[in-house]
Amino acid sequence: MEKIYLDNAATTPILDEVIDAMVAVMKTNYGNPSSTHSLGQEAKTILEENRRLIANELHVSPAEIIFTSCGTESNNLIIKSAVENLGVERIITTEIEHKCVYEAVLEVKNRNGVEVVYLKLNEKGDVNLDELEALLKSSDKVTLVTLMHANNEIGNILDLEKTAKICKENNAYLHSDTVQTMAHVKLDFSQIPVDFASCSAHKFHGPKGAGFAFIRKSTHLRAQIHGGTQERSLRAGTENVVGIAGLGKAFAISVDHMEQFSAQIQEVKDYAIAQLTEKIPGILFNGRCTEKERSLYTLLSLSLPSMNPLIGLQLDIKGIAVSQGSACSSGAAKPSSVLSKILTEEVQQSTTPLRVSFSHQTTKQDIDVLVEALVEILGL
Ligand code: PLP
């Protein structure tokens, strides 16, 4: 059975060109980048070329790009080191950050006694930047603000420029989890004064196990993994040269085709919204999903008009991979951690959430198959 893949916010298929680039490095460049002989230096060159490529795109210095194993590691490094090495006493965040940010924040709260303030969210999942500004003005505590650029479950986009301006004006550090937007949305960190950001290659057709942290040079973070002096002593351990070659290749392809891919994907998303609205009466779209300027074009979060915890499984049997927006443990469906914070109890009790996420490989035919399957499953 041919698979229809509509779970690109979870991960994306690796492009053939990326695989080719990685295989070439695997076969030839097996040196350790810390070795001084030529094989080692060739591997080092691969790291530095890819670091430069990424830095140029983000308008930052190559020294500000620290390769890591993934988005989770980057976010942990930033949050934990900001508390331990920058004297952060207070963290302002939300309850709908990705689990790796949410849990890292709880860890430093428990371990280091940092005060944690969660911003209120409205029913669309928006943060109120006036509340952020008032909180920053209300205290002299050294503060780290950590707010994700685009939410991985509902796709809401934060106004990063405005957030960064508020943080700068009030002397707060700003970390943004940019895992869902990096290489999908133009980011110019010479114009947006964020201090820290994160990236994961597998969200844009690169390999799993490769990512980076953007750490502004003026800040003085320290390693969380200790050992050698790799990555300017911010992340010890022999670098994943093959993974970084794949990360760089996928990053280059994504940014080179950003305009084309985003227009194409937005068209597929618009088509999905139109088809779902027409064929499934009572369907709801969550967060800012139907607003182009405020929603990530790769993601559509919806609530089907009846309760069906098995829908993910039923779609899977039909060869369609989507995320249910809810995690099943011991056979019981748990509400999604994000939707449970923004939807009313009544909506949560009477609907089934689904996250449909697209890539440039998604077609309108894929959407037709999904909509037809949903109509059948819902008995419409
Ligand atoms: N942050 C966001 C917003 C994500 O969507 C993800 C992945 O799902 C992560 C962080 C974690 O990234 P990784 O899978 O590379 O650890």
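## Domains

The protein chain is assigned two domains: domain 1 (4–12 + 257–378) and domain 2 (16–256). These bounds come from an automatic or database domain assignment. The model is predicted, with local features needing pLDDT of at least 70 and side-chain atom pairs counting only at pLDDT 80 or more, while totals for chains, interfaces and linings use all residues. Residues are numbered from 1 along each chain as its sequence is written, and side-chain values use heavy atoms, leaving out hydrogens and water.

## Domain interface

Taken over C-alpha atoms, the centres of domain 1 and domain 2 are 27 Å apart. Contact (heavy atoms within 4.5 Å) links 29 residues of domain 1 with 32 residues of domain 2.

About 2,600 Å² is buried between domain 1 and domain 2, and carbon and sulfur atoms give 53% of this area. Buried area is the accessible area (1.4 Å probe) that two parts lose on being put together, summed over both.

## Helices α1 and α7

Helix α1 (residues 16–28) and helix α7 (residues 241–256) have axes that come within 8 Å and cross at roughly 150°. α1 is therefore roughly antiparallel to α7, a term for angles over 145 degrees, as roughly parallel is for those under 35. Helices are DSSP runs (H or I, at least four residues) numbered from the N terminus; axes are lines fitted to C-alpha atoms over the stretch in contact, and angles run from 0 to 180 degrees between N-to-C directions.

The crossing of α1 and α7 is right-handed, that is, the near helix is turned clockwise from the far one by less than a right angle. On the α1 side the contact involves E17, V18, A21, M22, V25 and M26, and on the α7 side V241, V242, G243, A245, G246, K249, A250 and I253. Of these residues, 10 are nonpolar, two polar and two charged. Nonpolar covers Ala, Val, Leu, Ile, Met, Phe, Trp, Tyr, Cys and Pro, charged covers Asp, Glu, Lys and Arg, and the others, Gly among them, are polar.

## Helices α3 and α4

The axes of helix α3 (residues 71–85) and helix α4 (residues 99–112) come within 9 Å, crossing at roughly 25°. The two helices α3 and α4 are therefore roughly parallel, and their crossing is right-handed.

From α3, T72, N75, N76, I79, K80, V83 and E84 meet C100, V101, A104, V105, E107, V108, R111 and N112 of α4. The contact of α3 with α4 comprises seven nonpolar, four polar and four charged residues.

## Helices α5 and α6

Helix α5 (residues 129–137) packs against helix α6 (residues 160–169) at about 10°, with the axes 10 Å apart. α5 and α6 are therefore roughly parallel to each other. In α5, L129, L132, E133 and L136 meet K162, T163, I166, C167 and E169 of α6, giving five nonpolar, one polar and three charged residues.

Conventions:
Angles under 35 degrees count as roughly parallel, over 145 as roughly antiparallel, 65 to 115 as roughly perpendicular and the rest as oblique.
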